[in-house]
Amino acid sequence: MSDSKSPLDAVEEGPASSDGGDSGAQASTGSPDDHPTVAALLEAFPDEVQRYRLNAGDQYVVWIRPDRSHEILAWLKNDPEHLYDMMSDVTGVDYGGGRPVEVVYQMYSTTHGLALRIRCPLPLDALEIDSVCDLWNSANWLEREVFDLFGVTFRDHPDLRRILMPDDYAEGYPLRKDFPLRGRFSRAEQTRRALNQDVERFYLAEDLGHGVPQEVESAPSPAALESGAPGAEREGEQG
Amino acid sequence: MATKTVEFGVGPGREMGPGGVGTPSPLAPFDIPEPDIGTERMLINIGPQHPATHGVLRLVCELDGETVTEVTPHIGYLHSSFEKLGEYRTWNQIVPLTDRMDYLAPLIYNCAYVMSVEKLMGIEVTERCKVVRVILMELDRIFGHLLWLGTTAIDVGAFTPFLYSFQQREKIYGLHEALTGARITTSATRVGGMMADLPDGWLDQLLDFLDNFPKTLAEVHRLLTGNQIHIGRTQGVGAISADDAINYGFTGPNLRAAGVPYDVRKDRPYYDYETYDFEVPVGEHGDCYDRYLCRMEEMRQSVRILHQAMARLPGGPINVEDPNISLPSKTDAMSDMESMIHHFKLITEGIPAPEGDCYMAIEASKGELGMYVVAEEGGTKPVRWRVRPPSFVNLSVIPKLAEGHLVSDLIMINASLDIVLGEIDR
């Protein structure tokens, strides 16, 4: 805790982040036999499972490597022993201090009444993981949110755009620990950008960015021609 | 000019024509000229400022005539960065952020958050606290459903249920105010207990509400359930199958209307919900009408739970008796040295958490509300506080539900999902 600092200092510094490296909790806790899926995962993917942990009394967490995450999650969904048909939540955790950003999947099986949490650490220089949209449609917006707030790219996501922050948000990824609470730009710069925004832009057909190109059978409208299809330039800014 | 071939025939199930059902017409097919009308799709923008979007939601619809071919929801207009703010606050300081998410059922969010933190820290709250929280959560389930009922009815042109339901909501506002001093921003819970115990006479006030509320509900029932206009606007609109509903992440009444009996209170019970006698209503068509029926029945079931909870409400302390978790009384803090030290430590530092994470799912009025907290060893602030927002996931299904429906049905579908933008945008 801060010893001789004013509360305002703590706000400026941000949440205390641990120093680099892993926390001491590398060892697995709990017994895999208590949770059938954990035991089965250890057996089916011994090289992919990094560790497992029993948290908060009765919740099992399994850390897996990101390379074959899609395969493992598909197996969890489709294997008749497990059938995790409900992807409740996809989110991210950033511990700061150069530690990997973790993507967290909360799954529930309505057939077996089992819940499982999968965490997948991604090194900061390779924030990429396969999308699970093709398995669970509920992951669509949830992954977009992780992309928006943590900057994790989901490969083969059908529509990876920012969702909570504006499309042209240029300050980075807000939920990363290195992001200051009040934003990267000064308040004056934020105001300037807001005032300079072309409000009409977000109301043009070309600007919707559905991921699917809009089908216009007749000639494009004069308004679209005049604006010179601004959608194309915006694509590059997203990444 | 293009032509269209028209074949005459007798439709299945119709008993006309000489040959009975399914007889091909003796008339030969022939071509009629088809007028060369424009086939350009039209884009229409609804919101962000529009009463029918129930908040600052923007829906961009692509229309073929009056039929919606594609809906693109745009959210984030109310983004307040609650989760980021939470990382700068101690565990108890986050409570006021939670009720600002779902301001239509704030107590559920207060309770869900502290339940998750208590589970992470391994704190077992007192029996009285459990029952009080069950009362508050069920009360706010009615509170949230009533708002949905009133505003949804207004969206299909029925004004009276709106007045009826808001009259009842006003009573619940009164109960909130008597308990917490605030009507919407309740912040009633603390880690390890409640801000305060129930005030004198509060249960009588609640009983008074419970006596009158079912009558109002029955009146609304009579106004809407058999109403031809209401049925015409809701039946078969925005239907989804059970498998799709699960796959798209539907939870709460929206999921149960599709025929999946998943209720967190029954399937992953917390706070002894398994000992309460209540039914989980399940629909079969997954359309707007079934969602309406499910919510109406849920309100009746909540009344049942409330009666049972009031009957079993035990005495005893409401906060855990651990000076490292619960604040001492103000009198003690001012007169007793040890209490003052605990008070000081709790306010300035907060409660240390063990290393780990915890995902606590509860059944909110909108669906499965998950509170996910991640802590480091001894952390008095969360490393990550994540809210699994039920409305957020429910709203993401709207492009699928609205496809092929009329624009007016889109309004009904959006209303039937029971979204609250404060929680979607967070």
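## Helix packing and chain contact in a two-chain model

In chain B, helix α6 (residues 202–224) and helix α11 (residues 288–312) pack with their axes 11 Å apart and at an angle of about 160°. The structure is a predicted model. Because angles over 145 degrees count as roughly antiparallel, α6(B) and α11(B) are roughly antiparallel to each other. The crossing in which α6(B) passes α11(B) is left-handed. From α6(B), the residues L203(B), L210(B), F213(B), P214(B), L217(B) and H221(B) take part, and they meet M296(B), M299(B), R300(B), V303(B), L306(B), H307(B) and M310(B) of α11(B). Sorted by class, the residues of this contact of α6(B) with α11(B) are 10 nonpolar, 2 polar and 1 charged.

A second pair of helices in chain B is formed by α3 (residues 106–121) and α4 (residues 127–155), which pack at an angle of about 140° with their axes 7 Å apart. Here too the crossing is described by its hand, and α3(B) passes α4(B) in a left-handed one. On the side of α3(B) the contact is made by P106(B), L107(B), I108(B) and C111(B), while α4(B) contributes R133(B), L136(B), M137(B), L139(B), D140(B) and R141(B). This contact of α3(B) with α4(B) has 7 nonpolar and 3 charged residues, and no polar ones.

Helix α4 of chain B also holds V134(B), which counts as buried because it has 24 C-beta neighbours inside 10 Å. Leaving aside residues up to four places away in sequence, V134(B) touches Y271(B), I305(B) and A309(B). Between V134(B) and I419(B) there are 285 positions in sequence, and from C-alpha to C-alpha the two are 23 Å apart in space.

Y271(B), one of the residues that V134(B) touches, is found in the loop between α10 (264–267) and α11 of chain B. Which other residue of chain B has a positive phi although it is not a glycine? H54(B) has one, and it lies in the loop between β4 (49–50) and β5 (55–56) of chain B. The table sets the two residues side by side.

| Residue | Phi | C-beta atoms within 10 Å | Burial |
|---|---|---|---|
| H54(B) | near 55° | 23 other C-beta atoms | buried |
| Y271(B) | about 50° | 20 C-beta neighbours | buried |

On the scale of the whole chain, the domain assignment of chain B gives domain 1 (1–37) and domain 2 (78–418), and the C-alpha centres of these two domains of chain B lie 55 Å apart.

Chain A has 7 helices and 7 strands, and from the N terminus on its elements run α-α-β-β-α-β-β-β-β-α-β-α-α-α. Of its 239 residues, 33% count as buried. Among the contacts in chain A with a separation of 6 or more, 51% are accounted for by residues 24 or more positions apart.

Note on methods: Residues numbered from 1 in each chain as written. Chains lettered and ligands numbered in written order. Predicted model: local features only at pLDDT ≥ 70, side-chain atom pairs only at ≥ 80, totals over all residues. Helix = DSSP H or I, 4+ residues; strand = E, 2+ residues; numbered from the N terminus. Buried ≥ 20, exposed ≤ 12 C-beta atoms within 10 Å, placed from the backbone. Contact = placed C-beta atoms within 7 Å. Axes fitted to C-alpha atoms, helices over the stretch in contact; angles between N-to-C directions. Left-handed = near helix turned anticlockwise from the far one by under 90°. Nonpolar A, V, L, I, M, F, W, Y, C, P; charged D, E, K, R; others polar. Domains from an automatic or database assignment. Parallel < 35°, antiparallel > 145°, perpendicular 65-115°, else oblique.
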